[in-house]
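Here are a few comments for you to read with the model open beside you. Please take the points in order and look at each part as it comes up.

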Amino acid sequence: MSPVQIFYFFSGLATLIALVFFLVWRSTKRTRQVDYRAATQARKVFFFTLTGILTAFLGITLPRMPYPGGGPLPDRVIHVVGKQFAFAISETPIETDKQWEEIASFALPVKIPAGSLVEFRVTSFDVNHGFSIYAPDGRLITQTQAMPGYVNRLRARLNEPGRYTVLCLEFCGPAHHRMRGVLLVE
């Protein structure tokens, strides 16, 4: 569907909703006798029809959720913590600022066997960051957000051996452009 068709669709839908509101408003201006038995029956029909429609949409959309229900277990779990202006990347959990400082400053790059399924557990100790992995040829492989208080799980299979660059994709401060990390795939 083109953007123009979408515009016309939603314009028509908005007009229809406005018309319904207008008719309801207009109907409240007239005094009349209400048949409560018929009104109750109409409410029941409306309730069960709406419930049926919503259940059908739920049945159609639920199997198409973008989140995997299971899948294979990862070969490796890599913990990533972003903090202005570096990433700490480790195979062990990073829970304190002191651990983050040691890993971000002095740890050697994490080595990953080529072709293995890796789960990155990504979080932040300060502000939102973007965690992105670039292949040795500069292609963006995958990315997720690093947010304080949340751990995002990102699974990726890095098949090509080489040096993968991790960059922040979320403007996080004046030295955002320096925020990077390295993964070695062997």
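**Notes on the predicted model**

1. The sulfur of Cys168 lies 4.0 Å from the closest cysteine sulfur, which belongs to Cys172, and this is too far for a bond, because a disulfide requires a pair of cysteine sulfur atoms within 2.5 Å. Please keep in mind here that the model is a predicted one.

2. A search of the whole structure accordingly reports zero disulfides.

3. Are these cysteines buried or exposed? Cys168 has a relative accessibility of 7% and counts as buried, and Cys172 is buried too, with a relative accessible area of 7%. For the protein chain as a whole, 25% of the 186 residues count as buried.

4. Turning to the overall fold, the protein chain contains three helices and nine strands, and along the sequence these follow the pattern α-α-β-β-α-β-β-β-β-β-β-β. The chain is more spread out than a compact globule, because its radius of gyration is 27 Å, well over the 16 Å that the globule rule gives for 186 residues. Along its principal axes, the C-alpha trace spans about 80 × 40 × 35 Å.

5. Among contacts between residues at least 6 apart in sequence, 60% join residues that are at least 24 apart.

6. The chain carries 20 positive and 13 negative side chains, with the centres of the two sets 18 Å apart.

Terms used: Residues numbered from 1 in each chain as written. Predicted model: local features only at pLDDT ≥ 70, side-chain atom pairs only at ≥ 80, totals over all residues. Heavy atoms only, no water. Helix = DSSP H or I, 4+ residues; strand = E, 2+ residues; numbered from the N terminus. Rg over C-alpha atoms; globule rule 2.2 N^0.38 Å. Buried < 20%, exposed > 50% of the residue type's maximum accessible area, 1.4 Å probe, protein only. Contact = heavy atoms within 4.5 Å. Lys, Arg positive; Asp, Glu negative; His and termini not counted. Charge placed at Lys NZ, Arg CZ, Asp CG, Glu CD.
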